[in-house]
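Dear colleague,

Please find below the structure I promised to pass on. My notes on it follow, and I would be grateful for your comments.

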Amino acid sequence: MEQPVQTETWKAQSLEELIRILHRIFADDKVSVEEVQALMESYESNPEEWLQYAKFDQYRYTRNLVDNGNGKFNLMILCWGEGHGSSIHDHTDSHCFMKILQGNLKETLFEWPEKKGNGEMIKKSERVLRENACAYINDSIGLHRVENISHTETAVSLHLYSPPFDSCNTFDQRTGHKHKVKMTFYSQFGERTLSVSTREHS
Amino acid sequence: LPAGLSQWFPALEVLDVSGTGLAELGAELLALPRLHTLLAKNNRLGGPGSLPKGLGQAPLGRSLRVLNLSGNRFAEVPPALLGLRGLQSLSLGGNRLHSIPPDIQELRSLEFLYLGGNFITSIPPELANLPSLSYLVLCDNKIQSIPPQLAQLHSLRSLSLHNNLLTYLPREILNLVHLEELSLRGNPLVVRFVRDLTYNPPSLQELAGRTIKARNVPYAPSDLPENLVRYLSLASNCPNPKCGGVYFDSCVRQIKFVDFCGKYRLPLMHYLCSPECSSPCSSASQSSTSQSESDSEDEASVAARRMQKVLLG
């Protein structure tokens with residue numbers, strides 16, 4: 001993705017339309033970050049359209065694949081129970097868009113740790129994203145932790161990653177040490193996937 | 001709640017009165033024999049009489065499985081709900097609790113307990129007597145230490161402790177073999193060895209007690225005053241497997257760092273019977289630096305490697 005080539009203003013009236021437009025956009029070699037972010041933000045969350053993908057797990061947040069974008073992107077829905085949060089992680093040189101479909105999510109940005117990281121990681125900023133907001137991050141911006149800080153409400157978010165990736169690094173906030181993890185899907189296209197391997201960053 | 005609720009809807013199984021501003025749930029609830037899920041979050045519950053008396057004795061006491069009282073104003077766990085013997089899931093997140101009552105152990109069927117977002121300062125060891133507990137959330141509180149007894153929660157799969165005031169964990173936590181999720185971020189966990197300043201040398205009574213236990217000196221209740229018989233029964237085994245010793249009141253607290261493949265150091269509190277005693281693989285000397293080095297071979301690290309994945313959150 002590079003500078004905006006031809007920035008259209010899209011309005012996605014439904015989740016299906018959002019996916020159709022994404023396929024069209026990503027058919028090009030050049031895709032604009034601003035265009036995709038505006039498109040994601042334009043879709044007004046309608047639970048009826050995504051409830052089938054929103055499978056919650058009691059113990060931790062889940063990743064539920066919605067569309068695999070002909071190999072160009074992965075579109076997935078993440079379900080966060082009360083108090084569920086992610087580790088600090090990077091995005092394996094990919095673009096990451098995150099739109100809130102329900103509830104609120106807190107995003108905390110961190111600086112990359114020094115090569116010989118041995119101190120507390122540095123927080124850059126934090127914000128709470130409201131329903132229908134869409135955030136963007138990539139490795140040059142930094143690392144982040146996403147959490148549902150509510151003790152009473154669940155949260156659901158829609159994520160687009162391009163190119164798709166299935167592993168990333170998680171970081172220990174106290175020391176900056178990183179650890180590679182494989183990511184798995186809790187469900188794909190609305191069907192629960194039972195993985196044989198041990199639980200990972202899924 | 002409207003009077004006559006149980007007459008109109010006698011077969012009611014799920015009742016959701018969340019976000020309705022209720023200040024109390026009345027006795028109308030008690031006559032709903034099939035109710036298994038009650039959601040009453042984000043209301044104004046918390047004062048005396050928020051829950052009807054006799055909750056445990058009503059048919060509801062056996063049928064209720066899920067109770068969600070999050071986002072209310074409870075300053076203590078309402079005693080009325082401790083009689084809900086069939087309760088599997090309880091949420092009191094986002095209230096004003098300052099403590100957890102030991103009688104929480106009455107909730108014998110509890111599998112899911114959410115207490116995040118309160119003002120809890122300590123955890124009663126009785127919490128460990130819940131045999132089916134698999135998900136325990138204590139995040140966003142003011143907890144300073146975890147009782148080692150919590151390691152008896154054999155069914156525990158997920159433990160949420162983030163954003164508290166923990167400086168270390170008991171080494172027994174490594175015994176939770178089914179634990180898959182453990183969150184510790186936002187705690188002031190020590191990263192360097194903290195020299196314990198308060199080792200009190202053992203009393204003569206303790207030294208005598210240790211010798212009796214260590215040498216298996218036989219005694220019968222008729223040989224000793226009752227208080228000494230009781231004292232001898234309270235001996236704790238030194239956790240150092242190479243030391244057969246016991247201690248009573250006097251022990252050394254030592255923080256040992258367990259390294260997770262060089263990436264994450266977890267401070268675990270050990271209790272040893274004396275400063276001369278040390279965990280295996282540490283040198284015999286008592287120098288603090290050698291004891292604080294990462295330890296890769298003993299059984300603690302094997303257990304630690306198993307938990308490696310869960311700590312990075």
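Is Cys139(B) buried or exposed? Cys139(B) has 0% relative accessibility and therefore counts as buried. Please bear in mind that this is a predicted model.

As to the cysteines, the model contains zero disulfides over all chains. Cys134(A) takes part in no disulfide, the nearest cysteine sulfur being that of Cys96(A), 8.6 Å away. With a relative accessibility of 6%, Cys134(A) counts as buried, because the cut-off for that class is under 20%. Cys139(B) is likewise in no disulfide; for this residue the nearest cysteine sulfur belongs to Cys79(A), at 19 Å.

I also examined helix α1 of chain A, which covers residues 15-26.

The buried residues of α1(A) are Leu15(A), Leu18(A), Ile19(A), Ile21(A), Leu22(A), Ile25(A) and Phe26(A). Viewed down the axis of α1(A), these buried residues fall within an arc of 165° and so line one face of the helix. In general, an α-helix has 3.6 residues a turn, so residues three or four places apart point the same way. On the face of α1(A) turned away from the buried side are the exposed residues Glu16(A), Arg20(A) and Arg24(A).

With kind regards

Note on methods
Residues numbered from 1 in each chain as written. Chains lettered and ligands numbered in written order. Predicted model: local features only at pLDDT ≥ 70, side-chain atom pairs only at ≥ 80, totals over all residues. Heavy atoms only, no water. Disulfide = S-S within 2.5 Å. Buried < 20%, exposed > 50% of the residue type's maximum accessible area, 1.4 Å probe, protein only. Helix = DSSP H or I, 4+ residues; strand = E, 2+ residues; numbered from the N terminus. Expected span 1.5 Å × (residues − 1). Arc of directions from axis to C-beta.
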